[in-house]
Amino acid sequence: MMKRHFTQRVAFGLLLGATVLVVLPVVFIIVYMFINGAPALSWEFITSAPRMAGKEGGILPAIVGTFYLMLGTIVFALPIGVLAGIYLTEYARDNWLTKLINLAILNLAGVPSIVFGLFGLGVFVMMFHFGMSLLSASLTLASQALAMTITTSREAILSVPREFREGSLAVGATKWQTIRHIVLPQALPGIVTGAVLAMSRAAGETAPILVVGAAFLAPGLPNSPFDQFMALPYHLYTTSSHIPGIPRSVVWGTAIVLLVVVLSFNLIAFLIRLRVRRERLS
């Protein structure tokens with residue numbers, strides 16, 4: 001009996017230690033970021049355009065460009081990903097074609113981001129003549145986000161109990177009506193989670209947008225999807241590695257803003273999931 005309790009305490013201690021080892025570096029990075037970047041944060045820094053190659057002014061065009069990029073990514077990736085997830089879970093048969101599609105999705109998730117950038121350059125910029133633009137960048141990041149969106153949508157749909165489907169079909173509903181009114185509402189929290197993860201990854205990508213439309217200094221905010229744009233990750237990369245003499249507080253301040261942008265989308269997704277769950281339980 002004592003040996004069992006001792007083993008349980010050792011296992012608990014190991015699990016707690018592993019959790020602390022994961023959390024501590026994240027806390028250290030956030031604290032270090034705020035200590036070094038807080039002096040640069042001001043209303044002017046958030047609401048003005050950069051001047052003198054980013055040494056003065058603010059990062060408003062980069063913030064707006066990042067929001068446009070995230071929204072464009074989810075607009076293109078979410079519908080295709082959810083529809084593909086529905087097909088693979090509800091309609092596709094277990095044959096060689098389905099296995100090939102699943103293998104392609106797994107391989108898509110492992111492709112390096114710079115390869116997606118070259119794909120976007122060749123297809124969206126050159127073949128479709130979208131040019132170096134916000135549209136090309138959004139489509140490129142949407143292609144990269146498809147694997148995560150499809151996978152999370154599939155898992156969310158599969159988590160819906162089969163009894164829900166059988167009950168709906170038993171009262172005379174068609175298969176599509178069952179999917180639309182029963183399965184998708186139940187799977188919505190998981191689908192939203194996958195969409196947010198895809199957007200968060202898109203917000204932090206630098207390599208793909210580097211070759212399809214991101215600009216370090218743009219004359220203004222993008223007025224159409226075919227305009228070039230600024231983005232926080234590319235702006236952060238350029239200022240930290242290619243601009244001599246730039247204050248380090250500006251670089252860390254940009255990193256803080258990027259972190260807040262990503263966390264704001266995560267907060268919105270959390271509130272959506274919470275509301276959906278409350279409505280489902282009520």
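## Helix 3 and helix 8

The axes of helix 3 and helix 8 cross at roughly 140° and come within 9 Å. Axes here are lines fitted to C-alpha atoms, for helices over the stretch in contact, with angles running from 0 to 180 degrees between N-to-C directions. Helix 3 and helix 8 are therefore oblique to each other; angles under 35 degrees count as roughly parallel, over 145 as roughly antiparallel, 65 to 115 as roughly perpendicular and the rest as oblique.

This is a predicted model, in which local features need pLDDT of at least 70 and side-chain atom pairs count only at pLDDT 80 or more, while totals for chains, interfaces and linings use all residues. Residues are numbered from 1 along each chain as its sequence is written, and side-chain values use heavy atoms, with hydrogens and water left out.

The contact of helix 3 with helix 8 has 15 nonpolar, two polar and two charged residues. In this classing, Ala, Val, Leu, Ile, Met, Phe, Trp, Tyr, Cys and Pro count as nonpolar, Asp, Glu, Lys and Arg as charged, and the others, Gly among them, as polar.

## Overall make-up

The protein has 11 helices and two strands, running α-α-β-β-α-α-α-α-α-α-α-α-α from the N terminus on. Helices (H or I, at least four residues) and strands (E, at least two) are DSSP runs numbered from the N terminus. Along the principal axes, the C-alpha atoms fill a box of roughly 70 × 65 × 40 Å.

Of the 282 residues, 40% count as buried. Buried means under 20% relative accessible area, exposed over 50%, and partly exposed in between (1.4 Å probe, protein chains only). Among contacts with a separation of 6 or more, 73% join residues 24 or more positions apart; contact means heavy atoms within 4.5 Å.

## Nonpolar cores

A nonpolar core is a set of buried Ala, Val, Leu, Ile, Met, Phe, Trp, Tyr and Cys residues joined through side-chain atoms within 4.5 Å. The largest has 40 residues, of which Ile-59, Leu-69, Ile-209, Phe-229, Leu-232 and Val-257 touch the most other members. Two or more residues each come from helix 3 (60–91), helix 6 (134–158), helix 8 (175–203), helix 10 (232–241) and helix 11 (248–281). Helix 11 gives the most, with 10 residues.

Beyond its neighbours within four places in sequence, Val-257 is in contact with Leu-41, Phe-45, Ile-46, Ile-59, Ile-63 and Leu-232. Another core of 10 residues lies apart from the largest one, and includes Val-160, Val-183, Leu-184 and Ala-187.

## Helix 6 and helix 8

Helix 6 and helix 8 pack with their axes 8 Å apart, at an angle of about 150°. That makes helix 6 roughly antiparallel to helix 8. Among the residues that meet are Leu-141, Ala-145 and Met-148 in helix 6, and Val-183, Gly-190 and Arg-201 in helix 8. By class, the residues of this contact divide into 11 nonpolar, six polar and one charged.

## Two single residues

His-129 is in the loop between helix 5 (113–127) and helix 6. Its phi is near 60°, a positive value in a residue other than glycine. Most residues other than glycine have a negative phi. His-129 is exposed, with a relative accessible area of 66%.

Asn-102 lies in helix 4 (residues 96–109). Not counting residues up to four places away in sequence, Asn-102 touches Leu-88 and Arg-154. The C-alpha atoms of Asn-102 and Thr-7 are separated by 41 Å, and the two residues are 95 apart along the chain.
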